[in-house]
Amino acid sequence: MIPNPIRAIYQEKSASRLRPRGWLRHYAGLLSLDAGEGMALAFERDARARLGQTAAVALRHARQRRNPTRPRMRSLRVAPGARLRWQSVPAPPLPAPDAALVRPIAASTCDLDCAIALGASQFPLPLHLGHECVAEVLSVGERVRQLTPGELVVVPFQVNCGECRACRSGHTGNCTSVPPVSMYGMGLVGGLWGNAFADQLAVPYAEAMLVPLPDGVDPVVAASVSDNICDAYRHLAPHLPRLLAEDPDADVLIVAATKAPFYFSPSLPLYGGLIARALGARRVRVADARPHVREHARRLGLEALHPRELRSVPRAPLVIDNTGGELGLVLSRTAPDGVCTSSGGLHRSARVPMLRMYGRNVTLHLGRTHARALMPEVLALIAAGKLDPGPVISCVAPLDEAPRALDEHFRGGGVKTVLTA
């Protein structure tokens, strides 16, 4: 049990603690082809803008070190070896005309944060961590009319303008006003926009990005709407209603870790199971090699099994791939005329059984979520009482205890930790 003031909601932990990678192994991994492909993605469009933004941030920080003019604040920094500590950094400047300054009051871990913090990803460390949060608006720019200081808002993890063709089409994760994959809390790859495990966060396009928190919705429960809950929702909402109209007993299969230990936290498949139930699915199976995840799934009313048991269950018309790379396995469990939708992974390629897919007429969707476009739908489900993401949360802790709480989360195989201010 984690001692107070940290409140551990979910006691079962991974049987084997995850080991972080040190400086040498982490930086050696950054020389891999997988890492090169990820960095190339960040620079495939508007490379000059990305370099300019990075240089501008570095220059501002250097000037603040030489001649401090702004207040200081805390920001959580992670270095190789999962070394987590508060760092004093300049607070963001007053908002630009279309921007806002917010204070995260409930910030949650993303499943990817575990791989990042343990040095097992292509995101170069050190970086400032955190990209899911509900926040309080502190101040707004002169052109912002729809938001007021003191209001509680959900902050999408992707930066988007709301005005470009991609944003107007609902593809907010591919906003063309900012460099590709612009995100909070992802360091150089996502752009140096700031992070949610901090005292303050700047939002460049306030009215386009921020979504008011509905009355009666707990900020702790809604923190992960910024990313993981919307990511789970986008696998289901476009497909499940049609499949249930054709067959009310249509199964949903979610496949996550195929072996343990596994460097991604497991909230995504659990959120997916709850959302499938909220949308009307009668039978939802979650396959995961981690015993504590299967136990958590059963407590949520989901059917849990080990991936080696997949051959003993029927193929499903809707299969969600949260394996991080075992796409062939997941496609093999997709029924004829079914849909397999994948959250992707950090590998530059994966094997796809194309002939088998062709013979079964299987549709594969692979891509990222467009979080801001989905947030109102997801929040409406929560506000109406149709979806309760709360039982997925494994730990709630004060923001002041972030280094200790997140160290336990990352090394101990936690599901979802929320830090409150």
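**Charges and contacts**

Tutor: Glutamate 303 and arginine 283 join their side chains in a salt bridge, at 3.0 Å from N to O. Their parts of the chain are distant: glutamate 303 sits in strand β12 (residues 303–305), and arginine 283 in the loop between α11 (267–278) and β11 (284–287), 20 residues apart. Keep in mind that this is a predicted model.

Student: Is glutamate 303 buried or exposed, or partly exposed?

Tutor: Buried means under 20% relative accessible area, and exposed means over 50%. Glutamate 303 has a relative accessible area of 31%, so the class is partly exposed.

Student: What class does arginine 283 fall into?

Tutor: Apply the cut-offs again: under 20% is buried, over 50% is exposed. Arginine 283 has a relative accessible area of 38%, so the class is partly exposed.

Student: Which residues are linked with Arg283 and Glu303 in a network of salt bridges?

Tutor: Start from the pair glutamate 303 and arginine 283, which meet in a salt bridge. The network of salt bridges holds that pair and two further names, Asp251 and Arg285.

Student: How many salt bridges does the structure hold?

Tutor: A salt bridge needs a side-chain nitrogen of Lys or Arg within 4 Å of a carboxyl oxygen of Asp or Glu. By that rule, the structure's total is 15.

Student: How many residues apart in sequence are the parts tied together by glutamate 132 and lysine 416?

Tutor: Glutamate 132 and lysine 416 form a salt bridge, with the closest N and O atoms 3.2 Å apart. Glutamate 132 belongs to strand β6, while lysine 416 belongs to the loop between α16 (402–412) and β17 (417–420), so the pair ties together parts whose separation in sequence is 284 residues.

Student: Are glutamate 132 and lysine 416 buried or exposed?

Tutor: The cut-off for buried is under 20% relative accessible area. Glutamate 132 and lysine 416 are both buried.

Student: Which residue forms a salt bridge with glutamate 401?

Tutor: Glutamate 401 counts as partly exposed, at 22% relative accessibility. The closest N and O atoms are 3.0 Å apart, and the partner is arginine 404.

Student: Which helix gives the most to the positive patch?

Tutor: The patch of positive charge on the surface gathers Arg63, Arg65, Arg66 and Arg72. Arginine 63 has its place in helix α3. With three residues, the helix that gives the most is α3 (residues 47–66).

Student: Where is the place of arginine 72?

Tutor: Arginine 72 is one of the patch residues. Arginine 72 is partly exposed, at a relative accessible area of 44%. The place of arginine 72 is strand β2 (residues 72–79).

Student: How far apart in space are valine 144 and glutamate 207, C-alpha to C-alpha?

Tutor: Valine 144 is in the loop between β6 (132–140) and β7 (152–155). Leaving aside neighbours within four places in sequence, its contacts include Glu207. In sequence, valine 144 and glutamate 207 are 63 residues apart; in space, C-alpha to C-alpha, the distance is 6.7 Å.

Student: Is valine 144 buried or exposed?

Tutor: Under 20% relative accessible area means buried. Valine 144 has 8% relative accessibility, so valine 144 counts as buried.

Key. Residues numbered from 1 in each chain as written. Predicted model: local features only at pLDDT ≥ 70, side-chain atom pairs only at ≥ 80, totals over all residues. Heavy atoms only, no water. Patch = residues over 30% accessible without salt bridge, like charges linked within 9 Å, V, L, I, M, F, W, Y side chains within 5 Å. Areas by Shrake-Rupley, 256 points an atom, 1.4 Å probe, with all protein chains shown as cover. Lys, Arg positive; Asp, Glu negative; His and termini not counted. Charge placed at Lys NZ, Arg CZ, Asp CG, Glu CD. Helix = DSSP H or I, 4+ residues; strand = E, 2+ residues; numbered from the N terminus. Buried < 20%, exposed > 50% of the residue type's maximum accessible area, 1.4 Å probe, protein only. Contact = heavy atoms within 4.5 Å.
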